[in-house]
Amino acid sequence: MMMDQLNFPPRDSWQALCARPQSDQDAIDDAVNRVITSVRKQGDKALLEFTKRYDGVSINALKLEASVIDAAASALDSAVINAIEMAANNIRHFHESQCENVKYISTQPGVTCWRKSIPIERVGLYIPGGTAPLISTLLMLGLPAKIAGCKQIVVCTPPGKDGQIHPAIRFVARKIGVEEIYTVGGAQAIAAMAYGTESIQKVDKIFGPGNKYVTSAKQLVQQAGVAIDMPAGPSEVLIVADAQSQPEFVAADLLSQAEHGGDSMVMLLVVDEAGDASVFVDEVQKALKAQLDVLGRKEIAINALSNSKIVRLTNIQEAMDFSNLYAPEHLILANTHADAAAEMVINAGSVFIGPYACESAGDYASGTNHTLPTNGFARSYSGVSIDSFVKKITFQTITPSGLAIIGPAIETLARAEGLQAHANAVSIRLRNHFQRTHETQQNYSDACVE
């Protein structure tokens, strides 16, 4: 499978090149709306029926028993457990550093303001299963939720063909202290967490990636007032390279995203200032073919590569302008002087700098979060962090003398906007303060005379 190659396309063609593969969104939304309606009307019954229809298995209960979660470790190889331990430690360490201390700010004498992070009480985590159990996603969502202090964490994940939840998912849940795991996937899981059923309590915010149906469900429940982490669709990567980059590394990174799903998109930008990058591009194509031949998910990767491109550009400024227009979920800077290129990044979900910073590291164990905005939403959304699991509430205290300082400005601005009651709320207090101050001074004077 050869990736399509475009040589030095003009800027006015870049927008079209950045377009992601399109689905029939109206048809997807219609199908998902029917699922949501069924779950809202029939609750658990609908969830069980959809699990049989879409996952091909019949289950008797949605919630996993504690004993089933506890038994997971015995089904795992020690190497997997050790890998989970390392990843969890790094993810925890990085996300704990994001916790903020309260800062009290005196904007004027007697006027003190501060902001405090309050955890969202109930959060729902969607962990995709389907073609691969995303163990890492539970780490990436569950650990920040715990660190933030969320009181209730609900996990929904589809069953395997045996009707069971993968033991590694169960092990991670036990490790991070998640007790509610439900055997349900797809759009129906999003509906259950958004609106609640007999078994699954309604949550305040829903997190997690998924296929186009899950993404549609998240966006539809958001329109109905349920908070979500971000619009997140098929995974994607953009790599910036040049003739000095390692072809094998670049090919491996392209394939690491292509194997996610047939609708994933990968993009390679080759900086070719000297016009000598043709050999490098050929080597990347050869490496892709060689590495594809040994992949277990070869056909999935081939489908993804059919939507993907290699674009040659004349200099690093052009490459970074193209990248910022594309706004990739993952951006790998594998080019010469990658550090300098990193300073030019405006739009990206997560950035990997240098030949050894492979995107897989961020997916699993470096510590950063891999739940990131896709489909160009990196222009306005950030990836998941501690901030995703908290609300920022502002507080303030004002003394009488503090109000005396800022009160006249408040009165003036309120009257300028025609909001007399706003001005009165200050005026009444100031009159009360000045009257009490005057009385206190008068009493003091009288006492001195006596």
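**Close-up views of a predicted model**

**View 1. Pro-373, a buried loop residue.** In this predicted model, Pro-373 is buried, with a relative accessible area of 0%. Follow the chain and you will find Pro-373 in the loop between helix 15 (359-364) and strand 14 (390-398). Which residues surround Pro-373, once neighbours within four places in sequence are set aside? Its contacts are Met-230, Pro-231, Glu-329, Gly-349, Ala-378, Tyr-381, Ser-382 and Gly-383.

**View 2. Ser-323 in helix 13.** Here we turn to Ser-323, a residue of helix 13. Ser-323 is buried, and its relative accessible area is 0%. Leaving out residues up to four places away in sequence, Ser-323 touches Leu-238, Leu-269, Pro-328, Leu-331 and Asn-347.

**View 3. Glu-318, a buried acidic side chain.** Helix 13 spans residues 316-326 and also holds Glu-318. How far from Glu-318 is the nearest side chain of opposite charge? That side chain belongs to Arg-11 and is 4.5 Å away. A salt bridge requires a side-chain nitrogen and a carboxyl oxygen within 4 Å, and Glu-318, although buried, has none. What Glu-318 does have is a polar contact, side chain to side chain, with Thr-314 at 2.9 Å. Beyond residues up to four places away in sequence, Glu-318 touches Arg-11, Trp-14 and Leu-313.

**View 4. Helix 2 against helix 3.** Two packed helices are described by the angle between their axes and the distance between the axes. For helix 2 (residues 25-42) and helix 3 (residues 44-55), the axes come within 6 Å and cross at roughly 140°. The two helices are therefore oblique to each other. On the helix 2 side, the contact is made by Val-35, Ser-38, Val-39 and Gln-42. Helix 3 contributes Asp-44, Lys-45, Ala-46, Leu-47, Glu-49, Phe-50 and Tyr-54.

**View 5. Helix 2 against helix 9.** Stay with helix 2 and look at its meeting with helix 9 (residues 212-223), where the axes come within 9 Å and cross at roughly 70°. Helix 2 is therefore roughly perpendicular to helix 9. Which residues of helix 2 and helix 9 meet? From helix 2 they are Gln-25, Ile-28, Asp-29, Val-32, Asn-33 and Ile-36. Their partners in helix 9 are Lys-212, Tyr-213, Ser-216, Ala-217, Leu-220 and Val-221.

Conventions. Residues numbered from 1 in each chain as written. Predicted model: local features only at pLDDT ≥ 70, side-chain atom pairs only at ≥ 80, totals over all residues. Heavy atoms only, no water. Helix = DSSP H or I, 4+ residues; strand = E, 2+ residues; numbered from the N terminus. Buried < 20%, exposed > 50% of the residue type's maximum accessible area, 1.4 Å probe, protein only. Lys, Arg positive; Asp, Glu negative; His and termini not counted. Polar contact = N/O pair within 3.5 Å; in protein donor to acceptor, adjacent residues only side chain to side chain. Contact = heavy atoms within 4.5 Å. Axes fitted to C-alpha atoms, helices over the stretch in contact; angles between N-to-C directions. Parallel < 35°, antiparallel > 145°, perpendicular 65-115°, else oblique.
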